[in-house]
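Welcome, and please load the model in your viewer. We will select one part at a time and look at what is there.

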Amino acid sequence: SSEIAAAPQGAEGVVVARTTDGRVFGLEADSGKRRWVFQRALPALTLRYQPTVRLIQGGVLIGLPGGKLAFLNLSNGEVGWEATVALPRGSTELERVADVVSVPVVDAERACAVAFQGRVACFDLQTGNIAWGRDFSSSVTLAADERALYVVDEQGAVAAFLKATGASVWRQDKLQERRLSAPAVVGSRILVADEKGVTYALGKEDGALAAQVAGDGSALTGISVLSERSAVAQTRNGNLIAFATN
């Protein structure tokens, strides 16, 4: 029904594809036949983003325009729960943009997401009940390890919050106004890159700047974690960069 701007995901015999008009399709993996479709009306103004999904055992997690996070049954597309990450606020359509554009992160107990002009929040994975929320604004995907969430805000500050309670661990403000990428957890470091392709390594425990690596002058399309201590990124000029951390 519209553009598919992100790679489909598949599990348990179902392929899930999401389109930019707010629809999510569940297709039979062996035939391509449509099994179900989920749809929500879009607000008058939304961010341009790649509409991705997170598949977990038996379910699909999706962030929605308007500040919502939804859990769908993978086999039939029925809504298991829907939670509010952020409520739109303001008197103009621009001020009221509160989209959840990042891919949710999940562990055994909770699902966490962040909204533009909204909050970063974690919810009980089974019920959708909120565990905690903190005012925050981000339009890039957050990262997580077993202890904390790592989030980049609209000004370029990088922050860490405890997953269990939402308590602030640290905040790094020295990279502001550099249009940072989504963070990636690699070993004991948090990697982020700016619009000129410079990659910064921050200490996971305190957020201190530990190193920086220049690229080819163009932005990175994203940082992909390969193993516990290595990652790779592609630049918009077409080069590949590999990183290793301690």
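How many of the residues in strand β14 (residues 148-152) are buried? Select the strand to see: 5 of its 5 residues are buried, so β14 is mostly covered. Buried here means under 20% relative accessible area, exposed means over 50%, and partly exposed lies in between (1.4 Å probe, protein chains only). Strands are DSSP runs of E with at least two residues, numbered from the N terminus.

Before moving on, please note that this is a predicted model, in which local features need pLDDT of at least 70 and side-chain atom pairs count only at pLDDT 80 or more, while totals for chains, interfaces and linings use all residues. Residues are numbered from 1 along each chain as its sequence is written, and side-chain values use heavy atoms, with hydrogens and water left out.

**Stop 1: the two faces of β14**

Show side chains on the strand. In a regular strand, side chains alternate between the two faces of the sheet. Here Ala148, Tyr150 and Val152 point one way, Leu149 and Val151 point the other way, and all are buried.

**Stop 2: the partners of β14**

β13 and β14 run antiparallel and are joined by 2 bridges; two strands count as paired if DSSP finds at least two bridges between them. Look for Ala143, which stands opposite Tyr150 in β14. The hairpin that joins β13 to β14 passes through 3 residues.

Next, select strand β15 (residues 158-162), which pairs with β14 in the antiparallel sense over 5 bridges. Val151 has Ala159 in β15 as its bridge partner. This hairpin has 5 residues between its strands, and Gly156 in the turn has a positive phi of about 100°.

**Stop 3**

**Stop 3: the largest pocket**

β21 gives the largest share of the lining, 6 residues. The lining divides into 22 nonpolar, 13 polar and 8 charged residues.

**Stop 4: salt bridges**

The whole structure holds 12 salt bridges, each a side-chain nitrogen of Lys or Arg within 4 Å of a carboxyl oxygen of Asp or Glu. Select Glu28 and Arg35, whose side chains meet at 2.9 Å, N to O. Glu28 is partly exposed at 23% relative accessible area, and Arg35 is partly exposed at 34%.

Finish at Asp107 and Arg110, which meet at 2.8 Å, N to O. Arg110 counts as buried, at 14% relative accessibility. Salt bridges that share partners join Asp107, Glu109, Arg110 and Lys163 into one network.

Technical notes:
Helices (H or I, at least four residues) and strands (E, at least two) are DSSP runs, numbered from the N terminus. Ala, Val, Leu, Ile, Met, Phe, Trp, Tyr, Cys and Pro count as nonpolar, Asp, Glu, Lys and Arg as charged, and the others, Gly among them, as polar.
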